[in-house]
Amino acid sequence: MQKSTFFLSSILAASIFLTVACNKYYKATKTEHPTALGKKVDSLANQNRYFILRSGTDAYRMSKLVLSEDRKSLKCVLAPLPENHQLHLSNGRNGNMKYIPKLNDGAVLNEVHLFVKNPDSINIGSYTLDLSTVEKIEVITKDTKRTTNSYVIGALGYTVGALAVVGIIVALTKSSCPFVSPYNNNEFSLQGEIYGGAIYPQLSRDDYMPLRMQPTPNGTLQLKISNELKERQYTDFADLIVVTHDKNTKVLSDEKGNLYAIKKPQSPLDARMGNGQDALAPLMQKDDNSILYFDDTLATNANNFVITEFDKPVDARKVKLVLAIKNSYWLDYLYGEMAKGFGSYYPTFIKKQNKTPVSKLLHWAKDQQLPLTVSIEKNAAWEKVAEVTTIGPLATREIVVPVDVSNIKGNSIKIKLSSGFMFWEIDYAAIDFSEEKDFTVESVSPSVATDETGKNVLPVLMKKDGVYLEQPVPGNNVTLEYKCKQQRPNESRSYILHTRGYYTHVRDYKGAPNITFLNQFKKPNGFPAFSVELYKKFSKTSMASLALQ
């Protein structure tokens with residue numbers, strides 16, 4: 001048995017005989033001679049950002065920030081800058097905006113740097129910063145594109161140059177679903193996919209994707225939905241759910257769109273893989289680039305699982321399990337390998353599948369352990385709570401799984417997360433025991449919808465009516481604009497994109513179908529068993545040679 005592997009940019013366990021040249025990068029979004037600086041500082045402070053004052057080669061930690069009523073000065077306490085926040089002083093590892101989480105570099109991702117020139121005096125302790133002296137702000141965030149490029153270049157074992165994320169997905173997975181890029185941090189940033197796995201018209205489903213957004217200069221909220229792969233994509237509607245709530249909470253949804261206020265999520269006390277190996281560390285913090293990949297510690301049915309244990313308050317009844325998860329690139333690769341088995345028969349197969357009852361399609365998916373199954377231990381037995389639908393491999397998504405613990409005896413809660421072999425990745429797990437908080441919800445339909453040619457496509461996206469926006473070829477995209485009430489200074493907002501749709505793959509396989517190969521997928525657990533088989537093949541063969549076949 002081999003140990004599980006915890007790191008962001010590997011799609012296989014470390015036992016594969018392959019060196020993955022993976023680097024992790026951050027970026028600094030600069031604002032030169034910023035206007036409305038007080039408002040920006042207030043917004044960043046409300047995000048619990050780590051502020052650093054820069055003057056020449058000197059740098060100081062800024063804490064206990066208090067903005068003046070006229071927003072022209074900032075009171076704070078200055079202290080020497082801790083070592084784990086000095087990475088950006090030299091622009092990252094080797095001056096290349098690179099960070100290494102294992103060396104405690106991850107703190108850089110939460111930083112805001114204020115650059116001042118020739119202040120009268122800077123002293124440790126209480127300090128008042130005249131904001132008119134600030135020449136530049138740098139807000140540090142993860143450079144997802146550059147990091148992902150590094151991952152795929154290493155994984156495929158050949159030089160592909162400065163590929164965009166889109167090219168990377170094509171090269172490695174050869175399938176996905178519609179990409180969503182909201183306007184945030186002064187740019188449209190790719191944040192994930194919608195209605196993953198809905199690859200037939202009858203599987204068209206509602207999807208609720210949390211977004212990070214900020215208003216554009218004209219005050220509206222905008223996002224893009226795009227087709228970047230060999231697919232035909234169909235979107236029925238695209239409403240933006242705007243949730244206004246207290247600053248000390250955030251609001252997330254479950255798979256059905258029910259909303260939950262999250263205030264004090266509690267980390268697990270313990271987490272163990274199937275072989276008993278400690279798996280706690282990767283689950284403790286979201287977006288820390290430490291992800292739990294299920295390994296080859298297998299049960300007889302090619303099932304991976306991790307058991308988490310949480311403290312249980314005496315009065316706990318209904319709790320909120322918070323997960324940050326995504327599907328693995330490995331799962332996408334597996335599906336592509338299976339599809340190749342149909343050869344030139346593939347279009348005919350798809351036509352038949354389009355007439356297959358939904359119940360039969362879903363039954364097959366469950367038999368193959370495609371959903372992430374959430375179970376709770378009751379009376380020494382596991383009781384299924386939920387089966388989370390596939391969401392795609394592009395980005396982790398935070399979701400809530402409501403769990404009834406009223407009949408759980410004792411002072412702990414045990415929850416098992418399980419799936420087929422290496423189908424899912426888990427970035428974070430916690431339970432929120434807090435009572436529901438008040439929040440207001442506004443569902444906003446787009447006021448503008450323009451495709452890549454400038455055509456108005458708003459009428460087909462205004463309501464759930466079975467009339468779809470069709471995006472049949474790569475390069476199709478639609479830019480959506482939403483108008484909502486102005487946010488008040490003492491409020492926070494969460495955004496959730498509510499869509500419905502499906503997509504179909506476009507493939508041109510050659511040759512006769514491999515009937516013997518395909519018959520294995522008719523049996524329960526045939527697909528995860530294939531995953532194990534291919535994994536073992538990878539462990540003996542160069543990944544690059546296989547991926548390029």
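User: Which does Asn185 count as in terms of relative accessibility, buried or partly exposed?
Analyst: In this predicted model, Asn185 has its place in the loop between β9 and β10. Its relative accessibility is 29%, and since buried would require under 20% and exposed over 50%, Asn185 counts as partly exposed.

User: Near what value is the phi of Asn185, a residue other than glycine?
Analyst: Strands β9 and β10 form a hairpin with two residues between them, and Asn185 sits in the turn. Although Asn185 is a residue other than glycine, its phi is positive, with a value near 55 degrees.

User: In which loop is the place of Met97?
Analyst: Met97 is a residue other than glycine whose phi is likewise positive, near 55 degrees. With a relative accessibility of 21%, Met97 counts as partly exposed, and its place in the chain is the loop between β4 (73–80) and β5 (98–99).

User: How many of the six residues of strand β9 are buried?
Analyst: In a regular strand the side chains alternate between the two faces of the sheet, so each face can be considered separately. For β9, one side carries Phe179, Ser181 and Tyr183, the other carries Val180, Pro182 and Asn184, and all of these are buried. Strand β9 (residues 179–184) is therefore largely enclosed by the rest of the structure, the buried count being six of six.

User: How many bridges join β9 to strand β13?
Analyst: Strand β9 runs antiparallel to strand β13 (residues 221–226), and within this pairing Phe179 has Ser226 as its bridge partner. The number of bridges that join β9 to β13 is four.

User: Which residue in β11 stands opposite Val180?
Analyst: The pairing of β9 with β11 is also antiparallel and extends over two bridges. Looking across from Val180 into β11, the residue that stands opposite is Gly192.

User: The backbone nitrogen of which residue does the side chain of Glu193 reach?
Analyst: Glu193 lies in strand β11 and is buried, with a relative accessible area of 2%. The C-alpha atom of Glu193 is separated by 6.4 Å from that of Gly392, a residue 199 places apart along the chain. At 2.9 Å, the side chain of Glu193 reaches the backbone nitrogen of Leu394.

User: With the side chain of which residue does the side chain of Ser204 make a polar contact?
Analyst: Ser204 has its place in the loop between β11 (192–193) and β12 (205–211), and at 10% relative accessibility it counts as buried. Leaving aside residues up to four places away in sequence, Ser204 touches Tyr468, Arg500, Gly501 and Tyr502. Its side chain makes a polar contact, at 3.1 Å, with the side chain of Tyr468.

User: What geometry does the aromatic pair of Tyr183 and Phe188 have?
Analyst: A search of the whole structure finds 14 aromatic pairs. One of them joins Tyr183 and Phe188, with 5.5 Å from centre to centre and 70 degrees between the planes. Because planes over 60 degrees apart fall in that class, the pair of Tyr183 and Phe188 is edge-to-face.

User: How many residues apart in sequence are the parts that the pair of Phe421 and Tyr535 ties together?
Analyst: The rings of Phe421 and Tyr535 have their centres 5.2 Å apart and their planes at 90 degrees, so this pair is edge-to-face. Phe421 lies in the loop between β25 (412–420) and β26 (424–432), whereas Tyr535 lies in helix α8 (residues 526–538), so the pair ties together parts whose separation in sequence, in residues, is 114.

User: At what distance from the ring centre does Lys224 lie over the face of Phe188?
Analyst: Phe188 counts as partly exposed, at 29% relative accessibility. Lys224 lies over the face of its ring, and the distance to the ring centre is 4.7 Å.

User: To how many disulfides does the count come?
Analyst: A disulfide is a covalent bond between the sulfur atoms of two cysteines. Cys76 is buried, with a relative accessible area of 4%, and Cys177 is buried as well, at 3%. The rule requires a pair of cysteine sulfur atoms within 2.5 Å, and by this rule the number of disulfides is zero.

Key:
Residues numbered from 1 in each chain as written. Predicted model: local features only at pLDDT ≥ 70, side-chain atom pairs only at ≥ 80, totals over all residues. Heavy atoms only, no water. Buried < 20%, exposed > 50% of the residue type's maximum accessible area, 1.4 Å probe, protein only. Polar contact = N/O pair within 3.5 Å; in protein donor to acceptor, adjacent residues only side chain to side chain. Contact = heavy atoms within 4.5 Å. Phe/Tyr/Trp six-rings, centres within 6.5 Å; stacked < 30°, edge-to-face > 60°. Lys NZ or Arg CZ within 6 Å of the ring centre and 35° of its normal. Pairing = 2+ DSSP bridges.
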